[in-house]
Amino acid sequence: MLPDRFLWGVSTAAYQIEGGVAEDGRSPSIWDTFVREPGRVVDGSTGDVACDHYHRVDEDVALLAGLGVDAYRFSIAWPRVQPGGQGPANPAGLDFYESLVDRLLGSGIAPVATLFHWDLPQALQDEGGWFNRETAARFADYADLVAARLGDRVAMWITLNEPFVHTVFGHAFGLHAPGQALMFDALPTAHHQLLAHGLAVPALRARSSSPITIANNYSPVYLRGDTDEDIVAGDVYDALHNRLFTDPLLGRGYPAPFELPVKDRDLETIAAPIDALGVNYYQPTGIRAPSTSDSGLPFDIVPLEGYPRTDFDWPVVPAGLGELLTRLQADYGLPLYVTESGCAYAESPDDQRRIDYLAGHIDALEAARAGGVDVRGYFVWSIVDNFEWAEGYTKRFGLVHVDFDSLVRTPKASYHWLRERLGRKA
Ligand code: FCB
């Protein structure tokens, strides 16, 4: 199923590209709700149409085939497959993903499916969302429905995308759906997402022999200060961003100082064996001790000076990817896949800065591999410009430009560059 070689791929997520939000029985997700709240999305936009991928699957698979990737990572919208978040499958929702998977396979592209990329059915949010332990059991049911239809053809499963970002941006800072700003009171949502992951693993295994992983966001901590307090602040931030969502997967429980609502055999459930770690890397994080107690946080996040920056104002630090892969291998010993790596730049079609960005990160990846790190794939975020969450359509991550009025797709220079690069596959 999964080609026995290093996988070059690209990634997307359902809400960011599909559109068709009210079609074929799909129910609203928390993102459909959130984007309608004034002021949540900088340009006031929604994912109602996005890239209209729902109606343009043929064209988009042709773009993937033209690029020459081995694999395509997409996400499945829970509210399409199981409107309302419980009960029987909606056959039309599964039909859509089945036709995508079959088209990919027909083009020689391995389908890598993420089951949850932040689009929780609103009906489950109405019952507490990820604060409700029951949501974890609902997720395992949903995973079973997907695997019953696609378990023989999906080449690799990713249970959750970036539970760290969903907890912190969605529930602690209120910048993403569902828009809750609860600071450290958000932590139960971390535990219940991980429980959902742990319950989904055996559900997937029962119907599929394909490898299973989870994609987390990781960020090397770059200390900006050298006092004892700075070091403590760095350790706390590192535990939150890099360990809280991974240590328990390996049976190590939660890192201090965090306490989560663990019950009964939860930690065993969460530690169900997986086959690899998915690594989403964009940037390191500058940390020092808090300068005041105003934020209520045990660290200050400070900008990292001296690096080029993307349109998101994220520093461009390819070396951070190598550091991260080396550390994750040493700490956890599982095979790694870079499941997202990319940058926001508006220029098109001559996006030389994206080419430079990808070349630098691929060099860092190759150096890590040459140094013995077992990294088995690299997925660029993203094949197309898309709906970038709270940033709406103002941040362009695509190898392919999308005109959001006409929906015309135009490959950028980076698309052609990557195709050439993949022609000389490592
Ligand atoms: C990641 C998300 C992905 C995309 C990129 C830019 O955190 O997983 O959906 O928004 O950032």
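Contact, as used here, means heavy atoms within 4.5 Å. Helices (H or I, at least four residues) and strands (E, at least two) are DSSP runs, numbered from the N terminus. This is a predicted model, in which local features need pLDDT of at least 70, side-chain atom pairs count only at pLDDT 80 or more, and totals for chains, interfaces and linings use all residues. Residues are numbered from 1 along each chain as its sequence is written, and side-chain values use heavy atoms, with hydrogens and water left out.

Start with helices α12 and α13. In α12, Pro 318, Leu 321, Gly 322 and Leu 325 meet Gly 360, His 361, Ala 364, Leu 365 and Ala 368 of α13. By class, this contact has 6 nonpolar, 3 polar and no charged residues; Ala, Val, Leu, Ile, Met, Phe, Trp, Tyr, Cys and Pro count as nonpolar, Asp, Glu, Lys and Arg as charged, and the others, Gly among them, as polar. Helix α12 covers residues 318–332 and α13 residues 352–370, and they pack at an angle of about 25 degrees with their axes 8 Å apart. Axes are lines fitted to C-alpha atoms, for helices over the stretch in contact, and angles run from 0 to 180 degrees between N-to-C directions. The two helices are therefore roughly parallel to each other (angles under 35 degrees count as roughly parallel). Their crossing is right-handed, meaning that the near helix is turned clockwise from the far one by less than a right angle.

The crossing of α7 and α9 is right-handed. Among the residues making the contact are Phe 139 and Asp 144 of α7 and His 192 and Leu 195 of α9. By class, the contact of α7 with α9 has 12 nonpolar, 2 polar and 1 charged residues.

Helix α9 is also one of the elements against which the buried residues of α8 pack, as are β3 (110–116) and α10 (228–243). In α8 (residues 163–172), 9 of the 10 residues are buried, that is, under 20% relative accessible area (1.4 Å probe, protein chains only). They include Phe 164 and His 171. Just after α8, Gly 174 takes a positive phi of about 70 degrees.

Strands β6 and β8 (residues 285–288) run parallel and are joined by 3 bridges, and Val 221 has Thr 285 in β8 as its bridge partner.

Conventions:
Two strands pair if DSSP finds at least two bridges between them. Angles under 35 degrees count as roughly parallel, over 145 as roughly antiparallel, 65 to 115 as roughly perpendicular and the rest as oblique. Buried means under 20% relative accessible area, exposed over 50%, partly exposed in between (1.4 Å probe, protein chains only).
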